[in-house]
Amino acid sequence: MLSGFEKKVGSFIEANGLFGAAQRVLLAVSGGADSTALLYTMQVLKSEGIIGAELVCAHINHRLRESEADEDEGSVVDQAAKLGLEIRVRRVDVRAFARRNKLSIETAARELRIASLVEIAKECNCSLTATAHQKDDNAETVIYRMLRGTGIRGLGGIWPMRVFGSGSKFARPMLCVGRREVLEYLRQRCLKWREDHTNAECTYTRNYIRHRLLPAMQADCTGSIVEQLSELSQSARKYYDLVCSRADAAWSGSVHSSAGSPKRDIEGRIVFDLGMFRGEAEPVKVELVRRALAAVGCGEREMTRKHYERILQLAKQNVGGGKVELPGGFEARQEYGRLARPSTGGLVFEKAPPRREETTDTAVELEIPGRTVFRQYLIEARVGKARENTEKETATKTLRHEEGEVDSHLRRNDTGVTKFGEQFDLDKVRPPVVVRFRRNGDRFAPLGLGAQKKVGKFLSDARVSQDVRRKILVVADSEKVIWVWPIRMSEQAKVTGRTQKVLQLQIADTSGRLKEPQNLNKRESDVTLFDDIRPDGTDTLG
C-alpha cells in the first residue's frame, strides 16, 4: 500500500507527464536524505505499476571529502544491490576541474555532475534522468537568482522538467514535497541516509541561503516561506509559457538565417531583424535574446539583468555600430541597415573575434609587380601601361593596358574566395606601398568627395557594418592613404584620362567571411561596396 508521500509524488509525476513513454530512467542518487527518498519512492511506484520504466541507479563521487565520499559511494552501491537495481558510478576531480577552469567548487561540481549523468544516461540507454530536487531546493534557487538579478523565467525556480542543450532530459518528481516531508518519510520507512557535513558550512552560497536567509525570512512570514516561493514559481512558469508561445512565432519571423534550427546564418551568428524585434513586448524580447545567446553558445549562468537591459537598450538605438560585451567572450551588436532601407538593421549575437594588435609589425610592403600573403589576405600587384581611355573622368573606369582589359569590380573565384580589385594612377603613388590594419587618426580623401576625412568618420557615415569593419585594410604609400579596402579608393590616386601607368591591386579575403554586398549589381557601383557614387563622381552620402 502506498504511503501519503508516495501517492503525492506519483500524482505529481502523472500530472506533469514527467516519465511519459520512457523505457528506462536513470536515478541520480548521492546517498543523502533527498536522493534516498527518491530511490525508494521510485522503486515502490515501479512495483505498484504507477510508473512502467525500468530503473537504473547512478552515483557521482566528487572526491571532495576523501574517505567520507567513498563511504557515500559504498552506501549507494549497497542500497541499489538490495533493491536489485543496476548501478553506475563515476568519480570526478572537482578541485582540479575548478582550478583549470577558474570556477567555484559549487559550479565545478554541478557541471561535472550533469556531464557525468548525461554520459551515464547515454551508456545505459536511459531517455530520462530523475533528480531529487524538492520544494526547499526550489526556494533556495529562487532566492539565489533574486540576489543575482533575474526575470520571470528565473523566478520559475527549478522546473519539473528541463532539457539541456545536448537534448538530455532531467525530471524532478519530488518538487511537490518539502524537506520536512522527506525526513518524515525516511523515518517512517526506517531508512538510513548519509549526512554531508559540508552542507552546514555557510561559506557556500546555497548553504548561506538555507541556514541564514530563509530562516530570517520565515521569522517575518505569516505562512510558510517555502510554500509561498513555490506558488510564486508556479505562477512565473505559467506566465513564461505564454511568453514562450509568442516567442516561438516571433523566432521564425524575426531571425535571418539559412535553413535549419536553431536559426543561424552561415557564420553561426544569430541575426534578428530589428524592425520586427522592436515590435515585440519586452518579455518576448528578453526570451528571444536568451534563445539567441543559448544558440551561439553563451552560457546563461553569468548573464545578469544588467546584460539584458543593455542589449534591449542597444536595440532601441537608431544609430548602428554599438555593441554589448557579454560573458565568455560573446557580444551583441547592432548592424547598419541597407542604404535603401535605413530604418532597418540587425541585432547580431556571436562569439566576439579575438582582438588584434594594430602595430606597424602587421604592415606588409608590396613589391610592384608582386604577390604576398598577409594573414587572411592574398595581395597581388601589377603594373600596366594605360592605353586610350574613351570615357570621361568619372568615379568608375574600364582601362586597357598591355596585359589586357582590367575591370575594377568585385570578383569571386571558383573556391569561393572574395576578391576586391582597384586601379590607381602609378605616377600619383609614392612607393613603398604598405598594406596594414587601420589605426586611430588615419585620414584620406574619399573618391568623389575630395576633402580629407578621418577613416573612422567615413566608415560611420557610409554605414559600414561592424562585420566589414573588422576586415578593413588600409593601403598607403609613403605620403597618404590611397585605399580603404574594400570600401573606397582615394581621390588623390584615381585614374584619369591623362593616366600613363596603372597600378592594379587585388586583395582576396582568403577566410571567405567578407560577404558580397547586396547592392553591387550594376557597373556604376563597381568602385565601392555601396551604391553611393553617382556617375558624375559626386558622393550621395554628404
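Analyst: What follows starts with the aromatic rings and then moves to the rest of the chain.

The model is predicted. Aromatic rings are paired here when their centres lie within 6.5 Å, and by this rule there are eight aromatic pairs. One of the pairs is formed by Phe 444 and Phe 458, with ring centres 5.3 Å apart. The planes of these two rings stand at 80 degrees, and because an angle over 60 degrees counts as edge-to-face, the pair is edge-to-face.

The two partners come from distant parts of the chain, 14 residues apart. Phe 444 belongs to strand β20, which covers residues 443-444, while Phe 458 belongs to helix α14, which covers residues 455-461. Both can be compared with the cut-off for burial, which is under 20% relative accessible area. Phe 444 has 0% relative accessibility and so counts as buried. Phe 458 has a relative accessible area of 3%, so Phe 458 is buried as well.

Elsewhere, four aromatic residues form one cluster: Trp 251, Phe 272, Phe 277 and Phe 349. The ring of Trp 159 has the charged end of Arg 237 over it, 6.0 Å from the ring centre. Over the face of Phe 330 lies Lys 351, at 4.5 Å from the ring centre.

Helix α2 (residues 33-47) and helix α8 (residues 179-188) have axes that come within 10 Å and cross at roughly 60 degrees. This angle makes α2 oblique to α8, and the crossing is left-handed. On the α2 side the residues in contact include Tyr 40, along with Ala 33, Asp 34, Thr 36, Ala 37 and Thr 41. On the α8 side they include Tyr 185, together with Val 182, Leu 183 and Leu 186.

Glu 73 sits in helix α3 (residues 67-83), and with 13% relative accessibility Glu 73 counts as buried. Leaving out residues up to four places away in sequence, Glu 73 touches His 59, Asn 61, Val 89 and Arg 91.

Last comes the chain as a whole. The protein chain contains 15 helices and 25 strands. Of its 542 residues, 49% are buried. Among contacts between residues at least 6 apart in sequence, 66% join residues at least 24 apart.

Note on methods
Residues are numbered from 1 along each chain as its sequence is written. This is a predicted model: local features need pLDDT of at least 70, side-chain atom pairs count only at pLDDT 80 or more; totals for chains, interfaces and linings use all residues. Side-chain values use heavy atoms; hydrogens and water are left out. Rings of Phe, Tyr and Trp (its six-membered ring) pair if their centres lie within 6.5 Å; planes under 30 degrees apart count as stacked, over 60 as edge-to-face and the rest as tilted. Helices (H or I, at least four residues) and strands (E, at least two) are DSSP runs, numbered from the N terminus. Buried means under 20% relative accessible area, exposed over 50%, partly exposed in between (1.4 Å probe, protein chains only). A charge sits over a ring if NZ of Lys or CZ of Arg is within 6 Å of the ring centre and within 35 degrees of the ring normal. Axes are lines fitted to C-alpha atoms, for helices over the stretch in contact, and angles run from 0 to 180 degrees between N-to-C directions. Angles under 35 degrees count as roughly parallel, over 145 as roughly antiparallel, 65 to 115 as roughly perpendicular and the rest as oblique. A crossing is left-handed if the near helix is turned anticlockwise from the far one by less than a right angle, and right-handed if clockwise. Contact means heavy atoms within 4.5 Å.
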